[in-house]
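Please look over the sequence and the model below, and then follow the topics in order.

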Amino acid sequence: MVLSKTASQSDVSVHSTFASRYVRDQLPRFRMPENSIPKDAAYQIINDELMLDGNPRLNLASFVTTWMEPECNKLIMDAINKNYVDMDEYPVTTELQNRCVNMIAHLFNAPLGDSETAVGVGTVGSSEAIMLAGLAFKRKWQNKRKAEGKPYDKPNIVTGANVQVCWEKFARYFEVELKEVKLREGYYVMDPAKAVEMVDENTICVAAILGSTLNGEFEDVKLLNDLLVEKNKETGWDTPIHVDAASGGFIAPFLYPELEWDFRLPLVKSINVSGHKYGLVYAGIGWVIWRNKEDLPEELIFHINYLGADQPTFTLNFSKGSSQVIAQYYQLIRLGYEGYRNIMENCHENAMVLKEGLEKTGRFNIVSKDEGVPLVAFSLKDNKRHDEFEISEMLRRFGWIVPAYTMPADAQHITVLRVVIREDFSRTLAERLVIDIQKVLHELDTLPAKVNAKLAMAEEENSKNGTVKKTAIETQREITSYWKKFVSERKTNKNKIC
């Protein structure tokens with residue numbers, strides 16, 4: 001007699017994941033479910049939803065590394081369970097971090113003796129690095145003002161309007177006034193002369209950007225240093241410079257070794273760099289290096305011993321993974337100077353291929369510079385019929401993520417598209433992107449300019465009625481809204497015909 005058994009609903013061992021009830025039952029989105037589910041079902045459900053994310057390799061908006069060698073991926077996974085802060089328990093990991101700090105300090109020409117160790121720390125990114133550098137400047141300025149019997153309650157930092165948002169966060173969180181040098185059409189970085197004019201006795205530092213997020217351009221740190229030296233002589237101040245080299249710190253030493261931007265300049269007291277950008281490590285690692293010990297006030301460094309030994313710590317967070325520190329060390333010794341130089345040269349050459357391809361269309365103005373971060377920022381010569389936001393939207397159909405954005409004050413009327421060239425963006429992909437941009441332009445040319453026409457009529461009507469004129473960003477949003485509606489209606493009509 002043959003015995004048979006029907007699998008119960010809870011007996012999933014005989015089912016594939018897609019034959020189980022877990023792919024048809026609704027999971028709560030904002031509350032923890034009451035019951036457990038099998039591990040393969042949990043994996044499949046999450047993996048399926050993540051498929052709707054964009055492809056990181058085609059995310060041309062990001063400066064962050066999206067590819068590493070399999071050997072480094074293995075090191076990362078092997079160290080995924082190590083808490084970096086446990087320095088006494090993981091002394092080798094701590095030693096690797098110290099080696100990275102010293103390698104980067106030498107790369108930035110820190111004035112170190114043969115046996116002298118560099119002053120610096122690994123962070124979770126340049127945002128934390130900037131916060132730490134800013135705190136050091138603020139504390140040092142406050143100590144000096146207190147010693148002189150002067151007010152110390154109104155510190156400020158001078159930057160360009162093109163700074164990354166982390167500078168605004170630092171200013172707001174730590175109560176420091178942010179004095180921004182406005183941009184202008186055709187000049188999208190901080191003007192050193194204007195920056196020095198804005199410096200006063202309450203300025204804790206001037207922040208220069210080596211690789212603007214907007215167009216990749218390097219600011220003239222050498223000129224800034226020279227002008228500030230003269231002002232300090234005239235006023236008796238000692239206003240220093242911080243270099244935000246988040247993007248350019250791992251580019252300039254290899255592509256432009258003669259460019260003076262780092263600790264070769266006497267007023268540069270600290271530099272931050274993102275290991276997870278052109279340091280070629282996955283997201284989650286940054287570095288801040290100080291010129292010498294005197295530039296990092298001792299009272300900002302905490303000492304703890306409850307993890308087994310005295311450990312100095314100067315970070316905004318505490319626990320963090322060790323994997324990215326180990327990955328950075330891997331890249332530094334694996335690639336060496338030669339490897340980094342070859343990769344940066346490839347990135348620059350592929351950026352030039354893309355730039356030349358865009359210029360050949362005759363439709364774009366190139367906003368980025370050839371010297372700087374390997375990216376191409378460009379805008380339409382004529383955006384009366386269709387604009388950069390529409391190009392960005394339509395490129396997503398091909399898988400490309402290319403951001404469109406307006407420039408900061410006083411160049412907010414300029415809209416650009418930007419393509420960041422990373423290590424894993426080959427010439428083949430650059431040529432493919434140009435072809436797809438040409439397809440988008442051709443399709444836009446066949447569409448009526450009804451979006452801008454409607455807006456023009458609305459603006460004219462508003463002016464007659466005395467309505468307040470919309471800002472540039474409000475107009476751009478309305479254009480995008482009209483465009484999405486138009487495309488949606490067009491798709492609906494096509495489906496009806498089919």
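With which residue does R57 form a salt bridge, and how far apart are the closest N and O atoms? R57 pairs with D424, and the closest N and O atoms are 2.8 Å apart, a salt bridge being a side-chain nitrogen of Lys or Arg within 4 Å of a carboxyl oxygen of Asp or Glu. R57 lies in the loop between α1 (39-50) and α2 (70-78) and D424 in the loop between β13 (415-420) and α11 (427-446), so this pair ties together parts that are 367 residues apart in sequence. The model is a predicted one, in which local features need pLDDT of at least 70 and side-chain atom pairs count only at pLDDT 80 or more, while totals for chains, interfaces and linings use all residues. Residues are numbered from 1 along each chain as its sequence is written, and side-chain values use heavy atoms, with hydrogens and water left out.

**The chain as a whole**

- The secondary structure of the protein chain comes to 13 helices and 13 strands, where helices (H or I, at least four residues) and strands (E, at least two) are DSSP runs numbered from the N terminus.
- Of the 498 residues in the protein chain, 48% count as buried; buried means under 20% relative accessible area, exposed means over 50%, and partly exposed lies in between, with a 1.4 Å probe and protein chains only.
- Among contacts between residues at least 6 apart in sequence, 70% join residues at least 24 apart, a contact meaning heavy atoms within 4.5 Å.

**Salt bridges**

- The structure holds 20 salt bridges, including the pair of R57 and D424.
- The two partners in that pair can be described by their accessibility: R57 counts as partly exposed at 34%, whereas D424 counts as buried at 11%.
- E443 forms a salt bridge with R397, the closest N and O atoms being 2.7 Å apart.
- Because E443 lies in helix α11 and R397 in the loop between α10 (388-395) and β12 (404-406), the pair ties together parts that are 46 residues apart in sequence; R397 counts as exposed, at 52% relative accessibility.
- The side chains of D436 and R432 also meet in a salt bridge, at 3.3 Å from N to O, and both residues lie in helix α11, four residues apart, which is about one turn of the helix.
- D436 is buried, with a relative accessible area of 4%, while R432 counts as partly exposed at 36%.
- Salt bridges that share partners join R57, R422 and D424 into one network.

**Pockets**

- A pocket here is an open set of points, on a 1 Å grid over the protein atoms alone, where a 1.4 Å probe fits and protein lies on both sides within 12 Å along at least five of seven lines; lining residues have an atom within 4 Å of a point.
- About 640 Å³ of space lies in the largest pocket, a volume being the space filled by probe spheres set on the points, which are joined across faces, edges and corners.
- The largest pocket is lined by 25 residues, of which Q97, N98, G120, V121 and P312 lie nearest its centre.
- At least two lining residues of the largest pocket come from each of α3 (91-107), β1 (119-123) and β9 (311-313), and α3 gives the most, with five residues.
- The second largest pocket has a volume of about 430 Å³ and is lined by 26 residues, of which W141, K144, D238, T239 and P240 lie nearest its centre.
- For the second largest pocket, α4 (126-147), β4 (203-209) and β6 (268-274) each supply at least two residues of the lining, with α4 giving the most, seven residues.

- K277 lies in the loop between β6 and β7 (286-290) and is buried, with a relative accessible area of 17%.
- Leaving aside its neighbours within four places in sequence, K277 is in contact with F63, V64, T65, A246 and S247.
- Q331 is found in helix α9 (residues 323-361) and counts as buried at 5% relative accessibility.
- With neighbours within four places in sequence again left aside, Q331 is in contact with M68, G279, L280, V281, G336 and Y340.
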